[in-house]
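Hello,

The structure we discussed is below, with the sequence. My notes on what was found in it follow.

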Amino acid sequence: MGNAVGNAGAAEGRKRAAAADAMGASYELVRTDDAAGRALDLEAARCAAVCPKGSAGLAQPSPPLPSPAPPRQRLVSLDVFRGITVLLMILVDDAGAFLPVINHSPWDGVTVADFVMPFFLFIVGVALALAYKRVPNKLEATRKAILRALKLFFVGLVLQGGFFHGVRSLTFGVDMQKIRLMGILQRIAIAYIVTALCEIWLKGDDDIDSGFDLLKRNRYQLFIGLIVTIVYMAFLYGTYVPDWEYQISVPGSTEKSFSVKCGVRGDTGPGCNAVGMIDRKILGIQHLYGRPVYARSKQCSVNSPQNGPLRPDAPSWCQAPFDPEGLLSSVMAIVTCLIGLQYGHVIVHFQKHKERIMKWLTPSFSMLILAFSLDFFGMRMNKPLYTVSYALATAGAAGLLFAGIYALVDMYGHRRPTAVMEWMGTHALMIYVLVACNILPIFIHGFYWREPKNNLLRLIGVGA
């Protein structure tokens, strides 16, 4: 009975640790086998109760009561990192149209905004390493991970599929023939489930004494990341992209058709890349994002890098739908999540702060050097395509930022300056849904006096 009670307690603790949400995971800085220790104490107590006397007939002393488990320490730096990323995302959405430096790059190159998505994916990977530190039942963990990913994917469909019609529109609903199938949460869900399955099924049991031992233990996960990268590059540079057409609705008329001349292989420009072609073939062009980022490029907009009227000599692809969270680009997003997973393994297997930081800084700088080298030799950093150089640069930056936050918050204990970011990080999904997806503004606009324009925001002098 004692073993059963102890094992049940241990299993329950591990289940709670594994129930990590993709954008707000539950994790701890250091965890011990307290449940197993309590099981041994209970077994000793049971034996003492059944056999109270020793060979000499003297009563055996009662075993000491089990000491209470030490309080679990949450990895605050990961919450702060997530909170900073959420704040950056809100700034990009609200001020990006006015400040090009924090708006997404129209195509090649990166801006501050282009770090948001990789940072989220990196954070998910770190959290998964902590959440799946122990996996007593792999099948049950797999079932829960799949269910969690499906929930996240469905929430993304509702929030970014076109169900809501804008902040000032009090209508909702979406034509299933035109619903946007991919989005931010959908990409996170894909990366989450692949990385979770790798952590559940492809984690070795080698002893860890050095960084090399850690690589050896997780060699199958690293191999998966390498295979994913090779597959992505094979499709990006080896897929033939034929000529294609699309139609858009024009005010005052029915539809206007455009023809895009391609007939190329390995092109990474906006109109003839394999990423867009695969999305058009598999998802259907009617299910892609209708406001492409390259519409702000110099070839298309007279106000580049801002939105503006089309140039008179604008290419035919300038108004074509393109999903920045498409299928092939989401393949490389898995690699970012797997990189974050390896950073989380450092927390699990190394206890000294300085040792952890050094094992983060070395790969971070290495990835940055490799990323800039690839960019210099022609493999440009590109967020819509999620190129290898972009994945390495953003993952390296995420590693450096995470190491810095960890040193500030968890190593030296300076939590007060980052208290707001910590709170935002622990409520990341809620803030994303209410603020970044405009659910809260839409809700507020729903309360008005006689006419929709007389809403609560207008009453306090915000908005029109």
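D375 is part of helix α11 (helices are DSSP runs of H or I, at least four residues, and strands are runs of E, at least two, numbered from the N terminus). A polar atom of the D375 side chain lies 2.9 Å from the backbone nitrogen of M381. Leaving aside residues up to four places away in sequence, D375 touches R380, M381 and S389, where contact means heavy atoms within 4.5 Å.

This is a predicted model, in which local features need pLDDT of at least 70 and side-chain atom pairs count only at pLDDT 80 or more, while totals for chains, interfaces and linings use all residues. Residues are numbered from 1 along each chain as its sequence is written, and side-chain values use heavy atoms, with hydrogens and water left out.

On confidence: the chain has a mean pLDDT (the predictor's confidence in each residue, from 0 to 100) of 84, and 81% of its residues reach 70 or more. Two stretches should be read with that in mind. Over residues 1-21 pLDDT stays under 50, and the model has 32 contacts beyond four places in sequence for them. Over residues 30-59 pLDDT also stays under 50, with 36 such contacts in the model.

Now the helix pairs. Helix α11 (residues 353-376) packs against helix α10 (residues 327-349) at an angle of about 160°, and their axes are 9 Å apart. (Axes are lines fitted to C-alpha atoms, for helices over the stretch in contact, and angles run from 0 to 180 degrees between N-to-C directions.) That makes α10 roughly antiparallel to α11; the term applies to angles over 145 degrees, with under 35 being roughly parallel, 65 to 115 roughly perpendicular and the rest oblique. The two cross in a right-handed sense, meaning that the near helix is turned clockwise from the far one by less than a right angle, anticlockwise being left-handed. From α10, I339, Y343, V346 and I347 meet R356, K359, W360, P363, S364 and M367 of α11. The residues of this contact comprise seven nonpolar, one polar and two charged (nonpolar: Ala, Val, Leu, Ile, Met, Phe, Trp, Tyr, Cys and Pro; charged: Asp, Glu, Lys and Arg; polar: the others, Gly among them).

Helix α3 (residues 76-95) and helix α4 (residues 116-131) also pack at about 160°, with axes 10 Å apart. They are therefore roughly antiparallel to each other. The crossing of α3 and α4 is left-handed. Residues making the contact include F81, V86 and M89 of α3 and F119, F120 and I123 of α4. By class, the contact of α3 with α4 has 13 nonpolar, one polar and one charged residues.

Regards

How values were computed
A polar contact is a pair of N or O atoms within 3.5 Å; within protein, one must be able to donate a hydrogen and the other to accept it, and residues adjacent in sequence count only if both atoms are side-chain atoms.
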